[in-house]
Amino acid sequence: RLREYMGCSIECFVIGLVYIDRLAKQYSKIISPKSVHRLVIAAMVLAAKFQDDNIYFNDHYAQVGGITLQELNSLECHLLELLHWKLYVSEKEFDLYRELLCCSGRASAE
């Protein structure tokens with residue numbers, strides 16, 4: 001659903017994963033079955049805004065994620081704070097996470 005309706009580049013999925021992993025390493029208890037959906041949508045929004053030239057307004061992303069605009073705005077701000085506003089992903093880090101995603105995709109296809 002996210003890939004179809006977010007309208008972001010494939011790179012955003014890798015970058016979003018980097019953000020989630022950074023958060024998980026610092027705040028392991030923050031991720032739960034009840035919070036992961038909201039974390040994914042917030043990470044994808046940050047990745048799209050950081051990476052892509054053409055982005056949508058937050059009301060579009062909120063609708064795609066099935067949450068309210070106010071909640072998405074709050075999640076976005078909170079995630080930025082938890083990440084200490086460090087959204088840059090180096091080429092080396094990007095390649096590592098891209099390879100992890102590709103490997104997991106190949107493994108699940110088998």
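Student: How many aromatic pairs does a search of the whole structure find?

Tutor: The search finds 1 aromatic pair. The rings of Phe, Tyr and Trp (its six-membered ring) are paired if their centres lie within 6.5 Å. The model is a predicted one, in which local features need pLDDT of at least 70 and side-chain atom pairs count only at pLDDT 80 or more, while totals for chains, interfaces and linings use all residues. Residues are numbered from 1 along each chain as its sequence is written, and side-chain values use heavy atoms, with hydrogens and water left out.

Student: What makes the pair of Y56 and Y61 edge-to-face?

Tutor: A pair of aromatic rings is described by the distance of the centres and the angle of the planes. Planes under 30 degrees apart are stacked, over 60 edge-to-face, and the rest tilted. The ring centres of Y56 and Y61 are 6.1 Å apart and the planes stand at 90°, so the pair is edge-to-face.

Student: Why is α3 called roughly antiparallel to α4?

Tutor: Helices are DSSP runs (H or I, at least four residues; strands are E, at least two), numbered from the N terminus. Here α3 covers residues 36-51 and α4 covers residues 58-65. Their axes come within 10 Å and cross at roughly 150°. Axes are lines fitted to C-alpha atoms, for helices over the stretch in contact, and angles run from 0 to 180 degrees between N-to-C directions. Under 35 degrees is roughly parallel, over 145 roughly antiparallel, 65 to 115 roughly perpendicular, and the rest oblique. The angle of α3 and α4 therefore makes the two helices roughly antiparallel.

Student: Which residues make the contact of α3 and α4, and how is their crossing handed?

Tutor: From α3 come H37, I41, V45, A48 and K49, and from α4 come N58, Y61 and G65, where contact means heavy atoms within 4.5 Å. The classes are 4 nonpolar, 3 polar and 1 charged. Nonpolar covers Ala, Val, Leu, Ile, Met, Phe, Trp, Tyr, Cys and Pro; charged covers Asp, Glu, Lys and Arg; the others, Gly among them, are polar.

Student: What makes α2 oblique to α3?

Tutor: Helix α2 (residues 10-26) packs on α3 at about 125°, with the axes 8 Å apart. That angle belongs to the remaining class, and α2 is therefore oblique to α3. This crossing is right-handed. E11, C12, F13, I15, G16, Y19, I20 and L23 of α2 meet L39, V40, A43, M44, L46, A47, A48, F50 and Q51 of α3. By class there are 14 nonpolar, 2 polar and 1 charged residues.

Student: Why is α4 called roughly perpendicular to α5?

Tutor: The axes of α4 and α5 come within 9 Å and cross at roughly 100°. This angle makes α4 roughly perpendicular to α5. In α4, N58, D59, Y61 and A62 meet L69, L72, N73 and E76 in α5. These divide into 4 nonpolar, 2 polar and 2 charged residues.

Student: What makes D59 partly exposed?

Tutor: D59, in helix α4, has 47% relative accessibility and therefore counts as partly exposed. Its C-alpha atom is 8.9 Å from that of Q70, 11 residues apart along the chain.

Student: How do you know whether G66 is buried or exposed?

Tutor: G66 has a relative accessible area of 63%, so G66 is exposed. G66 sits in the loop between α4 and α5 (69-82).

Student: What are the phi values of H84 and W85?

Tutor: Most residues other than glycine have a negative phi. For H84, phi is near 60°, a positive value, and W85 has a positive phi of about 60°. H84 lies in the loop between α5 and α6 (91-109), and W85 lies in the loop between α5 and α6. At 44%, H84 counts as partly exposed, whereas W85, at 62%, is exposed.

How values were computed:
Buried < 20%, exposed > 50% of the residue type's maximum accessible area, 1.4 Å probe, protein only. Left-handed = near helix turned anticlockwise from the far one by under 90°.
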